[in-house]
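Below are some notes for a colleague who is opening this model and would like a guide to a few of its parts. Please read them alongside the sequence and the structure.

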Amino acid sequence: MSGGYSVGQVAGIAKVTVRTLHHYDEIGLLSPEGRTRAGYRRYRDADLDRLQQILFYRELGFPLEEIATILDDRSVSPSEHLRRQHRLLSDRIAHLQELAAAVEHAMEAKKMGIQLTPEEKFEVFGDAYREEWEDEAEQRWGDTEAWAQSQRRTAGYDKADWQRIKAEADALNERLVAAFTAGEPADGGPAMDLAEVHRQHIVDNFYECTFEIHRGIAGMYVADPRFTEVYEQLAPGLAQWLHDAILANAAFRTGEQG
């Protein structure tokens, strides 16, 4: 558009308010050079490019003063800005992946009837823990006998019990990764033995996990992206491998293999 963009048009394009654009102009963060004869702001393509940069850094939590300093640094080339943004986005993705793992821990915790104070939950399961994630697990399993049994058995668990259980689970995960990365087949003896340890860990600490229930848990590892991501973070492909190992172990121990 040869005459540039009005403040209302830019607000619509960038999905921000006119008031926000006025504020950016007032503090010198985004001051369009173009003006109509009546004094109204007219934004050029270069102004929209700068606005895009501003909104990117705002999304990542940078204060406006720091954004101005970053964008006005003439020693930083456009390609260096892109590299920095790529690095910031990569860091954000890594953080979100950590949050996804915390979601899985929280859901498992609720399903298994954890009785901890909010402070203890954060201490045991990490600072990304959110209590609202527990509601989904209760809605999903709350009417099952396994849930009821788990609630009864875990009612007396204290923080030390949960720390021990988590340490056991972490140690098992290390063994799973080692077997998987060593190339053990999912239907081989070592993999099935680890699948049985996985099942027995549930039996020992929470509820009677039958082979049928264990198959259902395995299904979640490949059907629910949140559960899948937990194991994919440990080793790409591990979720599917563990799923297959659990099914192979169940078939072997119940004599159902063909």
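1. A residue is called buried when its relative accessible area is under 20%, exposed when over 50%, and partly exposed in between, with a 1.4 Å probe and protein chains only. Serine 31 has a relative accessible area of 37%, and therefore counts as partly exposed.

2. The model is predicted, so that local features need pLDDT of at least 70 and side-chain atom pairs count only at pLDDT 80 or more, while totals for chains, interfaces and linings use all residues. Residues are numbered from 1 along each chain as its sequence is written, and side-chain values use heavy atoms, with hydrogens and water left out.

3. The protein chain holds 13 helices and 2 strands, where helices (H or I, at least four residues) and strands (E, at least two) are DSSP runs numbered from the N terminus. Of its 258 residues, 41% are buried.

4. Serine 31 sits in the loop between helix H2 (18-26) and strand E1 (34-35). The side chain of serine 31 is joined to that of aspartate 25 by a polar contact of 2.9 Å; such a contact is a pair of N or O atoms within 3.5 Å, and within protein one must be able to donate a hydrogen and the other to accept it, while residues adjacent in sequence count only if both atoms are side-chain atoms. Arginine 42 is 11 residues from serine 31 in sequence, and their C-alpha atoms are 9.7 Å apart.

5. How far apart are the end C-alpha atoms of helix H13 (residues 238-254)? They are 24 Å apart, which agrees with the 24 Å that its 17 residues should span at 1.5 Å a residue, the expected span being 1.5 Å times one less than the number of residues.

6. The buried residues of H13 include Leu238, Trp241, Leu242, Ala245 and Ile246. Among the elements that cover the buried residues of H13 are helix H9 (159-181), helix H10 (189-205), helix H11 (211-223) and helix H12 (225-234), judged by contact, meaning heavy atoms within 4.5 Å. After H13 comes glycine 255, with a positive phi near 70°.

7. Among contacts in the protein chain between residues at least 6 apart in sequence, 65% join residues at least 24 apart.
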